[in-house]
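Subject: Structure handover

Hello,

Here is the structure I promised to pass on. Please open it alongside this note, and read my findings below.

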Amino acid sequence: MQNLKLINVVGARPQIIKASAISRAIRLNYSDRITEIIIHTGQHYDKELSGVFFDELEIHKPDYNLGVGSARHGRQTSMMITGIEDVLLKEKPDFVILYGDTNSTLAGALAASKLHFPVIHIEAGLRSFNKTMPEELNRIMSDHSSTLLFAPTNAAFKNLMREGFKPENSPPYTLDNPKIYLTGDIMYDNTLFFSELAEKKKPSFLSDLSLERDKFILATIHREANTDDISRLDTLLKTLSTLAEEYSIKFVMPLHPRTINSLKTKLSSLYNELSGSKYIKIIPPVSFLEMIMLEKSAKMIITDSGGVQKESHFFKKPCLVLRKETEWIELIKNGTAVLVDADPEKIRKEFEKFINNGSGLEYPGFYGDGKTAEFILSEILMMYEH
Ligand code: UD1
Ligand code: UDP
């Protein structure tokens, strides 16, 4: 039998990291049965949001880079669809794998499903139930354009059933007869795999930043709702900076260029003030191994990122989520992550709770056994070979 030809579509930072779990599992277990092709849409293009991950996580360089870059949603997505369609027509893959909920995911879903290439969606079924988030629209449309859907959590699996996906479907699976799976999370695979490596490869990373284990807070902000609404961003940063001063604790903040742009152009005096602060350390985005070092050593994590919320759980750190709602609701139910929105009172109250009583919390294994990528690939192969 011919090798199965898989096309991975990536574009944004978290997708490159997620794709590394699938690439590694192919390399280790299935290199004689699966040929992998990578399309990078070019949604993220700065070295620190893209290239660094290809180098560090040992993923092969993209076979195609569409170089789409930044633009408004419609324009960006349409350029991606055009580029992906051309590659699909040339390569004629057996399957197209998509990750998460970005515009690159949506573009891949539309391009592939309309040409009848079966779509595999990894991280299917997640819902925030807030359609003002671009990601929520991307998730719903990508799931409904997919043939194999891998839901990472119970909640995600149930969301798919609520939307009419049927667990009892039997092969052959098609767009009209899709298969839904409950799996773990491939990002847990990655955390297990890269955690030790991070210690080996980045031994002086914390000291270079003058940080000591358990004596700093890690914070990230990048969501559209938090960066483009300037009064929200202003409130968030002022609240965090006040807490840092009051508790005399350092906050390290690797900020997305989108957040830095908003700060520099719309909140320049606050940006200057924070840049001179003893406690707030704004740094450029870091590599994944560096991020792991920050996450595993922080006292608490404060974020609006989907990935970082989960990683707080993997590393057993309490987490304040700077959003009104989250797709990862098991973290909230568990009480180790709390939704604080951009509400100074809530942020303060939960910060105080975690800083004083943050140890001794329980972090159950919600996200699988660290072998989710292997499971996903074995299911894909089974579908292909039977
Ligand atoms: C995208 C995803 C979001 C994901 C995030 C991961 C969508 C709709 N959003 O958001 O779900 O959480 O990636 O990080 O797909 N920029 C740079 N350099 C780059 C890329 C972007 O400076 O390499 C700046 C540009 O000013 C750009 C802005 O960041 O306009 C936003 O980039 P974009 O890719 O549109 O969305 P993200 O906020 O990165
Ligand atoms: N990340 C990273 N460096 C950073 C910030 C984040 O490597 O400076 C990693 C993080 O560990 C996680 C992923 O990027 O694995 C999350 O991406 P992001 O927060 O951009 O997007 P989201 O998960 O919210 O879609």
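Ser 204 is partly exposed, with a relative accessible area of 34%. (Buried means under 20% relative accessible area, exposed over 50%, and partly exposed in between, with a 1.4 Å probe and protein chains only.) Ser 204 sits in the loop between α7 and α8 (205-208).

Some ground rules. This is a predicted model, where local features need pLDDT of at least 70 and side-chain atom pairs count only at pLDDT 80 or more, while totals for chains, interfaces and linings use all residues. Residues are numbered from 1 along each chain as its sequence is written, chains are lettered from A and ligands numbered from 1 in the order in which they are written, and side-chain values use heavy atoms, without hydrogens and water.

Ser 262 belongs to helix α11. Its relative accessible area is 8%, so Ser 262 counts as buried. A polar atom of the Ser 262 side chain lies 2.9 Å from the backbone oxygen of Thr 227. (A polar contact is a pair of N or O atoms within 3.5 Å; within protein, one must be able to donate a hydrogen and the other to accept it, and residues adjacent in sequence count only if both atoms are side-chain atoms.) Beyond its neighbours within four places in sequence, Ser 262 is in contact with Thr 227, Asp 228, Ile 230, Leu 233 and Leu 267. (Contact means heavy atoms within 4.5 Å.)

Ser 20 is in helix α1. Ser 20 counts as buried because its relative accessibility is 1%. Setting aside neighbours within four places in sequence, Ser 20 is in contact with Leu 57, Ile 59, Asn 190 and Phe 194.

Ligand 1

There are 21 residues around ligand 1, and His 44, Glu 135, His 222, His 256 and Arg 258 come nearest. (A residue is near a molecule if one of its heavy atoms lies within 4 Å of it.) By class, this shell has six nonpolar, ten polar and five charged residues. (Ala, Val, Leu, Ile, Met, Phe, Trp, Tyr, Cys and Pro count as nonpolar, Asp, Glu, Lys and Arg as charged, and the others, Gly among them, as polar.)

Which side chain has an N or O atom 2.7 Å from an oxygen atom of ligand 1? That is Arg 258. The side chain of His 222 has an N or O atom 2.8 Å from a ligand 1 oxygen. For Tyr 45, a backbone N or O atom lies 2.8 Å from an oxygen atom of ligand 1. Taken alone, ligand 1 exposes 750 Å², and the protein buries 86% of that. (Accessible areas come from the Shrake-Rupley method with a 1.4 Å probe; for residues, only the protein chains shown count as cover.) Elements giving two or more residues to the shell are α3 (73-91), α5 (134-143) and α11 (257-266). The largest share, three residues, comes from α11.

Around ligand 2 are 19 residues, of which Arg 13, Val 286, Ser 305, Gly 307 and Glu 311 come nearest. They divide into ten nonpolar, five polar and four charged. A backbone N or O atom of Val 286 lies 2.7 Å from a ligand 2 nitrogen. Glu 311 places a polar side-chain atom 2.6 Å from a ligand 2 oxygen. Taken alone, ligand 2 exposes 540 Å², of which the protein buries 94%. The largest share of its shell, four residues, comes from α14.

Helix α14 (residues 306-314) is mostly covered, with eight of its nine residues buried. Ser 305 caps its N-terminal end: a side-chain oxygen lies 3.2 Å from the backbone nitrogen of Gly 307. After α14 comes Lys 316, with a positive phi near 55°.

Cores

The largest nonpolar core has 71 residues. (A nonpolar core is a set of buried Ala, Val, Leu, Ile, Met, Phe, Trp, Tyr and Cys residues joined through side-chain atoms within 4.5 Å.) Helix α1 (residues 13-30) gives the most to this core, eight residues. Apart from it lies another core of 33 residues, including Leu 233 and Leu 263.

Best wishes
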